[in-house]
Amino acid sequence: MTSYDTSGTVVLDKDGVRLTIDDTLATVTLANAAKRNAQSPALWRALTEAGRALPGSVRVVVLRGEGKSFSAGLDRQAFTPEGFEGEPSFLEMARGGDAELDAVIAEYQEAFTWWRRSDVLTIAAVQGHAIGAGFQLALACDLRVAAEDAQFAMRETSLGLVPDLTGTHPLVGLVGYARALEICVTGRFVHADEAGRIGLANLVVPGTELDAAVRDLAGALLAAPRDAVVETKALLQGAVSRSYEDQRVAERAAQARRLRDLAGLGD
């Protein structure tokens, strides 16, 4: 069980999500340990709200889960005929038109997209299970620190579904197409030691050291000047889709902006 220091101002606390702000550091906590932080549409909306509630002063966001698991994935209630109270069941969603179904899934995805904004750096602190939607939420972050008991798995395919919460793009980027395909189609567990070897986790530490490792990493990220960090993150994100020559141009433009800012000649 983790005990990450979440001292600071509580900005949001609803539907299994708690957001606290401490100056330049924000912590988003999945706070339903009794259900291993299983996810629901209400939780996704709360995560989206947490992203929108971040003040401009925040530079680093830590995502963590209370209890023994980071997140066991989608709450199994979603697969029952009645679904969640006040929410369309999967069966009802399937009966809707293409545009309606697309809009619903797009709304769910919003909870997973803001973590890669260029103005913040995000760290997932993962212990225990990170399955399905839990795995994809960890993948949504820029960096992942895993406890030695962490287990990642993408189980959607075994249920006749596909991973649709934005996890496929970062997974392929981190481990390559062939390994990503094998992980998704087999649904097997990727244990922490393998996650570290293949680049899925930036750092693997004993569970008792997870909190300290995340604090140290957050501190190191906060040490660099913010504007340089924002420009660097944007450069690296764009490198995936740019050609080598286009990336050279982007580097020159970014550096010109930094030099002008440092010289007091910025807009």
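**View 1. R36 sits in the loop between β3 and α1, and D23 in the loop between β2 (17–22) and β3 (25–30).** Helices (H or I, at least four residues) and strands (E, at least two) are DSSP runs, numbered from the N terminus. This is a predicted model, in which local features need pLDDT of at least 70 and side-chain atom pairs count only at pLDDT 80 or more, while totals for chains, interfaces and linings use all residues. Residues are numbered from 1 along each chain as its sequence is written, and side-chain values use heavy atoms, with hydrogens and water left out. Although R36 is not a glycine, its phi is positive, at about 55°. D23, likewise a residue other than glycine, has a positive phi near 60°. With a relative accessible area of 55%, D23 is exposed, whereas R36, at 39% relative accessibility, counts as partly exposed; buried means under 20% relative accessible area, exposed over 50%, and partly exposed in between (1.4 Å probe, protein chains only).

**View 2. R59, in the loop between α1 (41–52) and β4, is buried yet has no salt bridge.** A salt bridge is a side-chain nitrogen of Lys or Arg within 4 Å of a carboxyl oxygen of Asp or Glu. The nearest side chain of opposite charge to R59 is that of D227, 8.1 Å away; Lys and Arg count as positive and Asp and Glu as negative, while His and the chain ends are not counted. The side chain of R59 does, however, reach the backbone oxygen of L222 at 3.0 Å, and one of its polar atoms lies 2.5 Å from the backbone oxygen of A224. Leaving aside neighbours within four places in sequence, the residues in contact with R59 (heavy atoms within 4.5 Å) include T24, D119, V120, L121 and V229.

**View 3. R64 and V62 both belong to strand β4, which spans residues 60–65.** R64 is buried and has no salt bridge, the nearest side chain of opposite charge being E66 at 4.4 Å. Its side chain instead makes a polar contact with the side chain of T29, at 3.3 Å. A polar contact is a pair of N or O atoms within 3.5 Å; within protein, one must be able to donate a hydrogen and the other to accept it, and residues adjacent in sequence count only if both atoms are side-chain atoms. V62 is buried, with a relative accessible area of 0%.

**View 4. Salt bridges join R45 to E107 and R52 to E110.** In the pair R45 and E107, the closest N and O atoms are 3.7 Å apart. R45 lies in helix α1 and E107 in helix α3 (residues 98–113), so this pair ties together parts that are 62 residues apart in sequence. R45 is partly exposed at 34% relative accessibility, and E107 is partly exposed with a relative accessible area of 34%. The side chains of R52 and E110 meet at 3.0 Å, N to O. Here R52 belongs to helix α1 and E110 to helix α3, so the pair ties together parts that are 58 residues apart in sequence. R52 counts as exposed, at 65% relative accessibility, whereas E110 is partly exposed at 33%.

**View 5. D142 and K233 meet through their side chains in a salt bridge of 2.7 Å, N to O.** D142 lies in the loop between α4 (133–140) and β7 (143–147) and K233 in helix α9, so the pair ties together parts that are 91 residues apart in sequence. Both D142 and K233 are buried. Elsewhere, salt bridges that share partners join R179, E182, R188 and E194 into one network, and the structure holds 15 salt bridges.

**View 6. Helix α9 (residues 226–239) and helix α10 (residues 244–262) have axes that come within 10 Å and cross at roughly 170°.** That makes α9 roughly antiparallel to α10. From α9 the contact is made by D227, A228, E231, L235, G238 and A239, and from α10 by Q247, A250, E251, A254, R257 and R258. Axes are lines fitted to C-alpha atoms, for helices over the stretch in contact, and angles run from 0 to 180 degrees between N-to-C directions; those under 35 degrees count as roughly parallel, over 145 as roughly antiparallel, 65 to 115 as roughly perpendicular and the rest as oblique.
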